[in-house]
Structure formats: C-alpha cells, structure tokens
Amino acid sequence: MSLIQDHLKYIACLIIIFLTGTTEEVYTNYEGVATYALKETNTNSTPVYNKKEEILSLCPVGILCTELGGDCLKCTLNTNCIYGANYTANCTVLPQVDCIGEQHFQKKYICRYCYQTEHWEHECHQKNSCSSVASPQQYYRTNCTVKDDILCLGRRTFMKNLPCNWTGGHRWSTALILSITLGGFGADRFYLGHWQIGLGKLFSFGGFGVWTLIDVVLISIHYLGPADGSLYI
C-alpha cells in the first residue's frame with residue numbers, strides 16, 4: 001500500500017511541474033518515506049508581456065521633455081472640469097524615459113474624453129472589409145489612438161464607428177479614358193475588376209457599341225465604380 005502511495009506522490013509532483021513550468025526543490029515526508037521533485041527555472045519560457053515596457057520603447061530619445069507625447073508622460077487631469085474649457089495639467093516624465101530639460105512642467109489641454117477628440121486629432125486603423133458605395137452607407141468599428149501632442153481624459157486608445165470610404169487605388173479619370181478609347185474591348189471593366197462583364201464586352205465588341213456607350217455614361221457620373229466596393233481616388 002505504501003508503494004502505491006509513493007507512486008501517487010511522484011505522479012502528483014510531475015503534474016505540478018508540468019502545470020507550473022518552474023520549480024523549486026520540494027521535500028515531503030510521509031510516515032518516514034521521503035519523496036521529492038527537482039524544480040528549476042525554465043530558461044526557455046516566454047517572457048511576460050509588459051505593456052509599460054512597450055510604451056517606453058516607443059518614446060523618442062534625446063528630445064525636449066516638453067515635446068514628449070501623452071504616452072510618455074504622467075499628467076494630472078481634472079476629472080471634474082467643464083467640458084470644452086481650457087485647463088493646465090501638471091506633467092511628469094515617466095521613469096526611464098530619456099529626454100532633455102525639466103522633467104516636471106505644465107501642459108494645456110481641453111476638457112474632454114479622448115473619444116470626443118476631433119477626427120484630425122486621432123488616427124484610426126482603416127479597414128476595407130465593407131462597401132464604400134453601398135446604400136445606405138455602411139460603417140465599421142475600429143481602434144483609434146489619440147495623437148501624441150493631445151492630452152485628454154480616459155483611455156488614449158478607443159473604439160469608433162467610421163463610414164466606409166476606403167479606396168483601392170482606382171482613378172476615375174483612368175477608368176473614363178479606358179471606357180472611351182478601349183471600352184469596346186472591355187478594358188474599363190477589366191480595370192475596375194468586373195472581369196465577367198469585361199469578357200462579355202470583349203466577345204460582343206462592346207454590345208455592338210451600345211454597351212460601350214452605356215458604360216461611358218455610368219462611369220462619367222460615378223455610378224459605375226470598382227468591383228471591390230472602394231471609392232475612386
């Protein structure tokens with residue numbers, strides 16, 4: 001019976017080592033029987049993700065402290081401020097940030113949350129997974145980050161709904177010229193990504209001219225656009 005207990009203890013130690021990944025030398029004594037598990041630090045383990053270290057690595061080096069962005073500073077903002085009013089915040093450079101000049105200074109800011117900043121005051125991750133020419137207009141949700149020189153309340157990165165207005169690089173002028181000159185061969189449709197219709201125009205000689213004329217009109221009034229749902233540039 002004691003042999004079975006010893007085996008169970010050994011198996012339990014192995015399970016602990018497997019689950020924790022790091023170990024220390026453990027000794028147990030049960031009715032005069034010593035069991036142990038050697039545990040040592042796993043040198044190949046993945047380092048713990050540290051968001052603060054990532055932010056510090058993005059801070060510029062050797063510039064004036066007053067020119068650092070909001071991610072590199074710790075500023076005291078008045079949460080009871082009046083929306084839209086101008087205030088002054090006391091800011092301190094974060095530890096380990098290398099900059100020139102006084103590390104304690106004041107910066108002006110407008111009382112508002114970061115998600116309330118104007119569209120030119122933050123940058124958003126653009127997506128092309130929706131149609132820019134759909135009716136009604138489509139929207140998508142994405143991450144936006146306030147620019148470095150802007151101080152605001154709350155999180156500097158936030159979610160925002162944006163209208164689909166991306167472009168795939170197709171030029172309206174190029175599409176119109178191709179439609180007028182080579183529309184009978186389907187060049188305009190091929191350029192815009194409408195391959196099946198382009199083949200139909202090619203083998204029908206532009207619908208004997210009628211199809212070509214219709215596409216010239218549709219492209220000229222911006223009714224016919226790229227097949228991927230993007231906008232002209």
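The secondary structure of the chain comprises 7 helices and 10 strands, where helices (H or I, at least four residues) and strands (E, at least two) are DSSP runs numbered from the N terminus. The model is a predicted one, in which local features need pLDDT of at least 70 and side-chain atom pairs count only at pLDDT 80 or more, whereas totals for chains, interfaces and linings use all residues. Residues are numbered from 1 along each chain as its sequence is written, and side-chain values use heavy atoms, with hydrogens and water left out. Of the 233 residues of the chain, 30% count as buried, that is, under 20% relative accessible area, with exposed meaning over 50% and partly exposed in between (1.4 Å probe, protein chains only). Among contacts (heavy atoms within 4.5 Å) between residues at least 6 apart in sequence, 50% join residues at least 24 apart.

When residues up to four places away in sequence are not counted, Phe 105 touches Cys 65, Thr 66, Leu 73, Ala 89, Asn 90, Cys 91 and Val 93.

In helix α7 (residues 210–220), the buried residues are Thr 212, Asp 215, Val 216 and Ile 219. Seen down the axis of α7, these fall within an arc of 105°, so they line one face of the helix, the arc being that of the directions from the helix axis to the C-beta atoms. The exposed residues Val 210 and Leu 213 are carried on the face of α7 turned away from its buried side. The cover over the buried residues of α7 includes α3 (172–182), α4 (187–192), α5 (195–203) and α6 (205–208). Just after α7, His 222 adopts a positive phi of about 65°.

Helices α5 and α7 pack at an angle of about 140°, with their axes 10 Å apart; axes are lines fitted to C-alpha atoms, for helices over the stretch in contact, and angles run from 0 to 180 degrees between N-to-C directions. The two helices α5 and α7 are therefore oblique to each other. Ile 197, Gly 200 and Lys 201 in α5 meet Trp 211, Thr 212 and Asp 215 in α7, and the residues of this contact divide into 2 nonpolar, 2 polar and 2 charged.

Key:
Parallel < 35°, antiparallel > 145°, perpendicular 65-115°, else oblique. Nonpolar A, V, L, I, M, F, W, Y, C, P; charged D, E, K, R; others polar.
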